[in-house]
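Dear colleague,

My notes on it follow directly after.

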Amino acid sequence: MAKSVAIVGAGVSGLTTAIVFAERGYDVSTFAKEVGRSTTSGAAAAIWFPYDAEPIPKVIPWALETYKVLADLACDSRTGVSMIELRRFSRAGEIQIPDWAHSLGASSVATALCAVSDRPQAGGYNFASGYSIRVPLTDTTIYLDYLRDRLTNAGGTIQGGVRFENLEDVDPKFDLVINCAGIGARELVHDVDLEPHRGQVAIIPKIKGLDCAIVCDDAPFMYAIPRSNDCVFGGTNDVSDNLNVDPASTSRIVTECSRVLNIETPRVLAERVGLRPFRKSGVRLEAWKLRDGRTVIHNYGHGGAGFTLSWACAESVFQIASQRFASSSG
Ligand SMILES: Cc1cc2nc3c(=O)[nH]c(=O)nc-3n(C[C@H](O)[C@H](O)[C@H](O)COP(=O)(O)OP(=O)(O)OC[C@H]3O[C@@H](n4cnc5c(N)ncnc54)[C@H](O)[C@@H]3O)c2cc1C
């Protein structure tokens, strides 16, 4: 197989893919406009859940494979990964526990009353139904730096501030190019199938007593995800390219999350906006030929599940590369 690999993109997909190659002895160079926490990946709540990504028959196995890797990483707190109880609620009616969730021990939440645990009788929001499941949570403020360091420890390099117009602009010394450009693939490879699913979150101080993640997909969409040092309140999901913070959305998010958790409105430490790289025909994970004859493997379009799918997709890229180069040399 090619020994010299260029990865375009240093969000969760690029860094994870780069690690898989570097730890198997390949020379890996990563190039990106932005690196780690400055990317869309840095804006994510980053809890494990197969959300807003297609096609479902592939997404679920990828998600379950990645679950195992992240659960192993959760054994070491320095990774920024931990296991957390996720409670998903419905306002409207009986929530369905997905088939795949049973294998992870999902169970109905007996009472759908939601409030922080040290004052459960103080009111709280009464959802119609809910279920609970234990999942990995990646604290992006730690995990993206962990991935970067793991990559460089394996001998890989990362160069930020590099924007390619075309993948053919990647130095010809690399005989394999891997495209992990997220929503940037729209321009980079002219993929009109990519749709920016804009998400905005508010980072607020840690909430005493909140030790599980709360999500409700019914309007108004909301989630509260406690991390090591703070808490992420969300969310929004609109088709839009606008990367500016919308103060009205922050206000709506904070009000709704506080109402559900039955807490005083907290102060906002930061606001983040990111474009989930949703691809209508599904995650693009395939080999292609560049105009100069080199092989490119695409790994983008993970929508709202880039962390959830990261390790399985990186492993698939490696398998595609191995098969591709085995058949071309044989
Ligand atoms: C608010 C919000 C909440 C989310 N919550 C979750 C969640 O709970 N769980 C989950 O699994 N996922 C979640 N996601 C989705 C997740 O963030 C994305 O799926 C993931 O970040 C995609 O990662 P990526 O590495 O493919 O793309 P990105 O993180 O966007 O990285 C793309 C990289 O490519 C580079 N690049 C792009 N174009 C070029 C170019 N032309 N030249 C050079 N470099 C280029 C960029 O600079 C960047 O380094 C959330 C997203 C948002 C916005």
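Valine 5 stands opposite leucine 176 in β9. In this predicted model, that pair belongs to the contact between β1 and strand β9 (residues 176–179), two strands that run parallel and are joined by four bridges. The other pairing of β1 to report is with β2: these strands also run parallel, and six bridges join them. Within β2, valine 35 is the bridge partner of alanine 10. Between the two strands the chain passes through α1, and this β-α-β crossover from β1 to β2 is right-handed.

The largest nonpolar core has 92 residues, and Val8, Ile47 and Ala213 are the members that touch the most others. The element with the largest share of this core is α7, which supplies eight residues. Leaving out residues up to four places away in sequence, valine 8 touches Phe31, Ala32, Phe164, Leu167, Val170, Val177, Ile178, Asn179, Cys180 and Ala181.

The ligand site

Which residues come nearest to the ligand? Of the 42 residues around the ligand, they are Gly11, Gly182, Gly184, Gly199 and Gly306. Two or more residues of the shell come from each of β1 (4–10), α1 (12–22), β2 (27–35), β10 (194–205), β15 (270–279) and α7 (306–329). By residue class, the shell contains 20 nonpolar, 18 polar and four charged residues.

Strand β12 (residues 222–226) is mostly covered, with five of its five residues buried. Met222, Ala224 and Pro226 point one way from β12, while Tyr223 and Ile225 point the other way, and all are buried.

A hairpin through three residues joins β12 to β13.

Tyrosine 223, which lies in strand β12, counts as buried because it has 23 C-beta neighbours inside 10 Å, the cut-off for a buried residue being 20 or more. Apart from neighbours within four places in sequence, tyrosine 223 is in contact with Ala45, Ala213, Ile214, Val215, Gly234 and Gly235. One of these, Ala213, is also among the residues that touch the most other members of the largest nonpolar core. From C-alpha to C-alpha, tyrosine 223 and glycine 36 are 23 Å apart in space, and they are 187 residues apart in sequence.

Backbone geometry to check

Most residues other than glycine have a negative phi, and most peptide bonds are trans. The following are exceptions.

- The peptide bond from glutamate 54 to proline 55 is cis, with omega near -5°; proline 55 lies in the loop between β2 and α2 (56–73).
- A cis peptide bond also links glycine 234 to glycine 235, with omega near 5°. Glycine 235 is in the loop between β13 (230–234) and β14 (238–239).
- Alanine 46 is not a glycine, yet its phi is positive, at about 60°. This residue is in the loop between β2 and α2.
- Aspartate 52 has a phi near 55°, again a positive value in a residue other than glycine, and its place is in the loop between β2 and α2.

With kind regards

Key:
Residues numbered from 1 in each chain as written. Predicted model: local features only at pLDDT ≥ 70, side-chain atom pairs only at ≥ 80, totals over all residues. Near = placed C-beta within 6 Å. Nonpolar A, V, L, I, M, F, W, Y, C, P; charged D, E, K, R; others polar. Pairing = 2+ DSSP bridges. Right-handed = clockwise from strand over helix to strand, strands pointing away. Core = buried A, V, L, I, M, F, W, Y, C linked by C-beta atoms within 7 Å. Buried ≥ 20, exposed ≤ 12 C-beta atoms within 10 Å, placed from the backbone. Contact = placed C-beta atoms within 7 Å.
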